[in-house]
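The model is predicted.

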Amino acid sequence: MKVKVLYFARLREKFGVESEVLDLPGEHAYVAAIVDMLRKRGDPWAKELGLDAGYRMAVNQTLAGLVTPVQNGDEVAIFPPVTGG
Amino acid sequence: MKILVQETDFDPGAEIAALHAGQPRVGAVTSFVGLVRDVNEGDAINTLTLEHYPAMTEKSLRGIVDEAMGRWSLLDVTVIHRVGLLNPLDRIVFVGVASGHRGEAFAACEFIMDFLKTRAPFWKKEGTPQGDRWVEARATDDEVAERWQQSSKKDPA
């Protein structure tokens with residue numbers, strides 16, 4: 001299945017990419033599978049998405065966690081803690 | 001309900017007036033205006049650039065306002081958040097709440113700001129004499145938002 005992944009703010013700059021399409025096996029997965037796939041690329045991915053890195057995620061424009069399900073065509077965003085207001 | 005994400009400035013007086021114009025049931029309007037300061041963490045701030053996640057921003061703000069409307073009896077809410085390049089003295093955000101009485105209007109205005117700061121997808125980048133830097137989220141912002149979660153658990157309603 002294909003999932004569009006977006007990056008914002010500091011993470012967009014660290015990764016040097018705004019968005020990409022990831023191809024995952026199967027028709028259903030959890031956000032954790034996407035994060036695992038990205039960490040395997042090594043640094044800066046592994047460092048910025050490490051267990052204590054404190055990044056945030058959204059699935060289809062709603063805040064999500066590692067156990068949020070994703071399916072083909074979903075939009076996943078990975079970004080630093082928000083700082084608006 | 002009015003929710004706007006825009007590059008242009010807004011007029012707080014006009015927004016406050018619009019929250020009760022022709023609405024005789026409104027007994028209280030509270031408002032908050034957030035501004036760009038010229039100093040942060042001891043460094044001079046020349047510019048502040050607001051990035052956001054366009055597809056999610058308005059949806060997120062609408063969800064926060066919906067939650068406030070579920071908690072309190074509100075008559076109208078306006079949220080305006082600017083994005084793009086700002087300078088010290090510029091307005092960043094406006095939250096206005098109209099209600100029958102002040103208690104609900106005060107509480108809802110603070111709730112909306114506390115949740116906006118921890119949930120709405122905006123990111124600030126500061127321009128300082130030493131270069132640009134991303135603003136780090138504050139743990140205290142999470143704590144004040146968490147306070148509302150605790151108060152809702154205790155609330156028998």
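## Helices and interface of chain B

In α2(B), the buried residues are B:M56, B:T57, B:S60, B:L61, B:I64, B:V65 and B:A68. Viewed down the axis of α2(B), they fall within an arc of 165 degrees, so they line one face of the helix. An α-helix has 3.6 residues a turn, so residues three or four places apart point the same way. The 18 residues of α2(B) should span 26 Å at 1.5 Å a residue, and the end C-alpha atoms are 27 Å apart, which agrees.

In α1(B), B:P12, B:E15 and B:L19 are buried. These residues cover an arc of only 65 degrees around the axis, which puts them on the same side of α1(B). Their cover includes β1, β2, β6 and β8 of chain B. At the start of α1(B), a side-chain oxygen of B:D11 comes within 3.0 Å of the backbone nitrogen of B:G13. B:G22, with a positive phi near 65 degrees, follows α1(B).

| α1(B) | 12-20 | B:P12, B:E15, B:L19 | 65 degrees |

Chain B and chain A bury about 1,900 Å² between them, with 58% of it on carbon and sulfur atoms. Of the area that chain B buries against chain A, B:Y53, B:W123 and B:W134 supply 34%, more than any other three residues. Two salt bridges are found across this interface. A:R12 forms a salt bridge with B:E51, with the closest N and O atoms 2.3 Å apart. On the side of chain B that touches chain A, α3(B) gives the most, with five residues.

Methods. Residues are numbered from 1 along each chain as its sequence is written. Chains are lettered from A and ligands numbered from 1 in the order in which they are written. This is a predicted model: local features need pLDDT of at least 70, side-chain atom pairs count only at pLDDT 80 or more; totals for chains, interfaces and linings use all residues. Side-chain values use heavy atoms; hydrogens and water are left out. Buried means under 20% relative accessible area, exposed over 50%, partly exposed in between (1.4 Å probe, protein chains only). Helices (H or I, at least four residues) and strands (E, at least two) are DSSP runs, numbered from the N terminus. The arc is that of the directions from the helix axis to the C-beta atoms. Contact means heavy atoms within 4.5 Å. A polar contact is a pair of N or O atoms within 3.5 Å; within protein, one must be able to donate a hydrogen and the other to accept it, and residues adjacent in sequence count only if both atoms are side-chain atoms. The expected span of a helix is 1.5 Å times one less than its number of residues. Buried area is the accessible area (1.4 Å probe) that two parts lose on being put together, summed over both. A salt bridge is a side-chain nitrogen of Lys or Arg within 4 Å of a carboxyl oxygen of Asp or Glu.
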